[in-house]
Each structure stands twice: as C-alpha cells, then as structure tokens.
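Please keep the sequence and the model at hand while reading.

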Amino acid sequence: MALSFKLMENVFLSSKCHRQNALHPFCGPLLTNCISKLYSSYRRPGTSPDNTPLWKMNFSFENGVDWIKKNFGLLKKELVDHVKGPEGRGFEEYFLEQTRVVWEFRSQKDLDEWVVSSDAEIGGKSEAYLKLGKNNQTALLFGTLSTEAPRDGETGYSGYCAIRAKLLKGAFDTKKYYDWSNFNSLYLRVRGDGRPWMINIYTDPYYSHQKDDLYTYFMFTRGGPYWQEITIPFSKFFLSSWGRIQDDQYPLWLDKISSVGFTLGDKADGPFQLEIDFIGLLNDRAHTEEFAYEKYERNPKA
Amino acid sequence: MNPHANMIIMSSLILGPMITITSSHWVMAWVGLEINMLAIIPLTGQTTTTHEQFEASIKYFLTQAAASSLLLFSIINNVWNTGQFDITQPTNTLSSTMMTAALTMKLGLAPFHYWLPETLQGTTTMMTLILTTWQKLAPLTLLMMINQSLNTSLLVTLSLLSMMIGGWGGLNQTQLRKIMAFSSIAHLGWMTMILTLSTKLTLLTFYTYITLTTTMLLTIKLLETNKMSTAMTSWTKSPMLNATMMLNLMSLAGLPPLTGFMPKWLILQELTKNHMTIIAATSAILSLLSLFFYIRIAYYSTITLPPNMTNYSQQWRHKNQQKPYLPLMIITSSMLTPIMPTFMMIL
C-alpha cells in the first residue's frame, strides 16, 4: 500500500493535478494528521517543500468507520429530502417564500461554517479574526489590514482580508449547491466601519478552467452605531476571473451557488471591523432588471 | 448567426440522421452520426450571452464524442470478428453490448443519462426541442436495425432503470427543461423496453413521443416560461394555451383517452403476450412517478391560482408570438387514441 501511495504521489506531482485522486476518498478517512499532497500543490512563497514520506502517516480505522456512518447518513437524508421537495422543503413552501435567511450567527457552530483568510498566508502582515459578537447574536470580523508586501522576491502586492462560507458537501464529499433561483436580491444586515467591502459569490463551474471565476459587487458600509440593511440585486454582480473583471459579462447562475464571501482590500492600512447579523435572500417583485451590464456581440449585424 | 453558416449547419443537421437511417454500412452510419453531432454543437452554443449555453455545448460534445468513439470501436470489433460491415447481419455478443452502451449514451438512457438534464437546462428552448426529438432519431434507428443481436435482458434492465430514474429525478425539479429531460429519459425507457419484441411499437412510441414533446416545448416557448414559478402565471398570457398545456401534460403522463396512453397500452399488451407480466406491471408502476410531476405542473399552472402580484396579471397586454401549426399539434397530441387501429395497420 505504501508503494501505491508513493506511485500516486509521483503521478500527482508529475501531472500537477489539483483534484482529488481517485483512491483518496477511500483512504482519506483512514489517515489522521496527514498533510495531503493530493489536494493542492500550493506552497507559500519562501517556504521549503514538505518532504514527509507517505508511509509515515497514521491510520485510524475508527475514523474510517465514523466517516462511513456519517456519509451513509447524509445519503439517506438526501434521498428522503428528494422526496419531500426542492432542497428538502415542501413545494408550497418553496414557491411561496419571498425571503430566506441563509446564514445567521448564533453559535460557534455557525462560525465554523466560515473560513477566515488574509494575506498572512502569502507572507503578508494583515490579521483577521472572526468571533461571535455581543450576546452571541452577531458575527464580528475584525483585524488589521497591512499593505506591506512580503519580501520573498515573488509577491508584489499585498493587503487583503476575507471570509468565505465553506462549500456545501453532500454524501461522499459530492458537491452541493444552493438554489437561489426563486430570489433576485441578496439582503444583508451589517454594521461596518465605513470601509468598502467586496461581496463575492462563487458559482462552482463544471469545468476547471473556470474555477477562478467569481461574481463580485461592492458593499459600502456607513460606520456608526446603527445597523445597515443592504439589498444588492443579483443582476448587479459582475464576473471577474483571478481578480480581473472580464470583458464578456454573464448573469449570475442562481441555481448553482457554492459560496459567498466578503473581502476587504481597499489599500488603507489600519484596523477594520465588520459586524454581520444575518445574510439572507429577498425576492423583490419590483426589481425586474435581468442583468445590469452590456453583453455586446462580437460580430454585430450591420 | 451568419446565414451561410446557418444553411450549412441546418443542412448537415438534416443530412446526418438521413445518412444513418438509409445506410447499411456501419461506417456510413457512424459518419452520419458524426455529421449530426458536429452540426448541432455550434447551434447548442450559438449565443454565448449566457454561461450556461457554453457549458451545455461542451458537455454535449464530450458525451457524444465518447459515445461515437465507443461505437466506432465496437464496429471495428464486429468487423474483426465477423468480417463484414453490414448492419443487418448479426453481430457478436461483445460488439452488440458495446454498441448498446454507445447508442444508449447517445440517447441519454440510464445509466448514461447524467449529461441530459444539465445540457437541456443550459440551452435555449428550441435547442432543447431539437436535442430531445431530432437527435434521438439516428441512434434509435440503429438500435432498431440491430435489434436481433441485442440482449433482451440488458435492454429491459436499462429500460426499467431509465423509467425509474426518469421518474425519480424529475420529482422535485422546478426548471421546466430539466423536467422535460427526465421525461425524455423515462419515455426512452418505454421505447427500448419493447425494442427486441416489436420494433413497430418502438417506432409508434417514438413518433408519439416526438409529437407530445414538440407540442409541450413549443407551448413553453410561446408562454416564455422556463420555471415552475413563471409557469404559474402563464394563464395571464394565454388561458387557452395554458389549458391545452394541461392536456398535453396528461397525454405525456399516459392518461387515457389521450394520445400518450396509446403506446403505453400497446407496449403493456405486447409484454403481457410475451409472458413478461411482472415487467409490464413494474413499468406501469414506475410511470406513476412521472405522472406525479406532470400532474403537479398542471396543478400549479392551470388548475389552481397561485398568489401573484398585480404586474403579473397584466401580461396579456403584451403581444405573444403565434405558431399557426400549434393547434394541429395540440389536437394530434390529445386525440389520436381512438384511431389507434389505423396506426397499427400502417405500421
């Protein structure tokens, strides 16, 4: 088995594959405390490569059994939910709802659904933390932004902090998506510090060459003690790829939403704070715009 | 699209299945399939104003290319074993099994159906119509031509699986094109069920399916609705079309005395005659799953009045497109069962 892992590792490194190897879903749960090279070949600039041999990993059958129980339970839930209705709720409920709260922050478990990141991963000096707010009613994202670029000879720019919701996973780590096709606006109740934030919506595309595509819009916070209720129609979100706004703009595909995130990158050094009460959806019947940006034809008819 | 390119593409799209249907040489049949596939790809992704169309055309191409290569491999295997390219001559077991797999992949039968709902959801309604009707012609014809060499047990298994997946998958869909995709999978199950026993019935089922699906998709296009939520307010645009859509849905479900009941009745009769009563009963029970979601669309769009805003009730003020041949198609999709003996004589 060690030889097969070694062979897999060599194949992976030679093919530079960023996707899970076929055997990993079966052996992954058995491996504890192991840095999986099969997920990504990303290495922080300036750090030395990890040469831990694969045969030194710890196997745990208990973990494997727990994993099997959990995934079969999820599979059973998916099958039952499929019978109940769209997304496990009744049909009438699905069609009659005009608002829905998707994320609210009432306990540590709600915070665990989010991932905090900053340019510290690439050697920067920004800091970002996420904790529950007063009376466990909100989430507080705070920290310090620093635009000082790391001195590793590779990175030219720095200065971002972000949080992003974890991707939904179904049984056996299959991808699951949010279906927001019944709604047309994103509704947030936040209290910021006057800084402009970017809201990113990630629609996991089918093909890997589009994996860096992101739909973005801006959220301008007012600061001050009063809560801010922001409604952003989905028609306003524009397509960017790898941080660059694309010339070819497409409307957001609402039935395949994977994740939502907030990013701060306003090039202003100093502390920041964003308090989020909830993130929800709204079906604003008065909003009839389909897409805000021009979709030009390359060869227009004369 | 450039009119010259459009002309070439449309003529290739028509020519491809014609070559396949009229050929007795395996390579010519495969060439016809390829011409058809290459012609439909630019049509599927012709307007890249939406991300979905671009993705759908690639998904369609990858699946069809894989099926074509498997079919070519099975043809070569057949030639190696039998020494001849004639379609009508019996093939050996391995070749016929591979051909079955390749052609079912092209058709979108279970278990090779995963591409169909995603592709149909991503394209326009007219392309959905072509993909669910015209594109089925050539592979189904090839299956009918080689039906003597096909494994009945395998086909019956694939058919039952298709009916089950077509019914189960469409249960809680809210997008109408995905519902039509699962409907297509279930109907193809009925067609392939009876393939080895009676190709005439397969042909009758196919013609009926084309009529019903064309009528349904044209109705969806005229009502300009893609989702269940917009179908609920389509009565404001054209109440008559909304009512006939209900009839069409019942016909798709196979309820008597509408047209869709006719092929199902004959298939069950043929299966019973061939002592396959349990399979006939299972097929009838599995069709209840499809019946459920057809009735649900009819319930929400026609039978009940869902809550809606004032602006939705004014949609009749906007002029709708009109298709002069649609009334004839609606009549054909609803009232053909009483003249069933005529069809039996013709076929």
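## An enclosed helix in chain B

The buried residues of helix α5 of chain B are B:Trp115, B:Leu116, B:Pro117, B:Thr119, B:Leu120, B:Gln121 and B:Gly122. Here buried means under 20% relative accessible area, exposed means over 50%, and partly exposed lies in between, with a 1.4 Å probe and protein chains only. Helices (H or I, at least four residues) and strands (E, at least two) are DSSP runs, numbered from the N terminus. Helix α5 spans residues 115–122 of chain B, and seven of its eight residues are buried, so the rest of the structure largely encloses it. The cover over these buried residues includes α3, α4 (93–107), α6 (125–132), α7 (134–145) and α9 (176–193) of chain B.

## Basis of the report

This is a predicted model, in which local features need pLDDT of at least 70 and side-chain atom pairs count only at pLDDT 80 or more, while totals for chains, interfaces and linings use all residues. Residues are numbered from 1 along each chain as its sequence is written, chains are lettered from A and ligands numbered from 1 in the order in which they are written, and side-chain values use heavy atoms, with hydrogens and water left out.

## Chain A in outline

Chain A contains five helices and 15 strands. Of its 302 residues, 43% are buried. Its accessible surface comes to about 17,600 Å², and 54% of that surface belongs to carbon and sulfur atoms; accessible areas come from the Shrake-Rupley method with a 1.4 Å probe, and for residues only the protein chains shown count as cover.

A contact means heavy atoms within 4.5 Å. Among contacts in chain A between residues at least 6 apart in sequence, 73% join residues at least 24 apart.

## Aromatic rings

The whole structure holds 25 aromatic pairs over all chains. Rings of Phe, Tyr and Trp (its six-membered ring) pair if their centres lie within 6.5 Å; planes under 30 degrees apart count as stacked, over 60 as edge-to-face and the rest as tilted. One stacked pair is formed by A:Trp180 and A:Phe234, with 5.9 Å centre to centre and 25° between the planes. A:Trp180 lies in the loop between β7 (161–165) and β8 (185–191) of chain A, and A:Phe234 in the loop between β11 (228–233) and β12 (238–241), so the pair ties together parts that are 54 residues apart in sequence. A:Trp180 is buried at a relative accessible area of 0%, and A:Phe234 is buried at 3%.

Charges also sit over rings, where NZ of Lys or CZ of Arg is within 6 Å of the ring centre and within 35 degrees of the ring normal. A:Arg164 lies over the face of A:Tyr202, at 4.6 Å from the ring centre. The charged end of A:Lys256 is placed over the ring of A:Trp253, 5.5 Å from its centre.

## Salt bridges

Side chains of opposite charge can pair when their charged atoms come close. A salt bridge is a side-chain nitrogen of Lys or Arg within 4 Å of a carboxyl oxygen of Asp or Glu, and the whole structure has 20 of them over all chains. A:Asp266 and A:Arg195 form a salt bridge, their closest N and O atoms being 3.6 Å apart. A:Asp266 lies in the loop between β14 (259–264) and β15 (270–282) of chain A and A:Arg195 in the loop between β8 and β9 (196–202), so this pair ties together parts that are 71 residues apart in sequence. A:Asp266 is partly exposed at 24% relative accessibility, whereas A:Arg195 is buried at 11%.

Other salt bridges lie within a helix. In helix α3 of chain A, A:Asp81 and A:Lys84 are three residues apart, about one turn of the helix, and their side chains meet at 3.9 Å, N to O. A:Asp81 is buried, with a relative accessible area of 16%, but A:Lys84 is exposed, with 51%. In helix α3 (residues 51–82) of chain B, B:Glu55 and B:Lys59 are four residues apart, about one helical turn; their salt bridge is 3.6 Å, N to O. An α-helix has 3.6 residues a turn, so residues three or four places apart point the same way.
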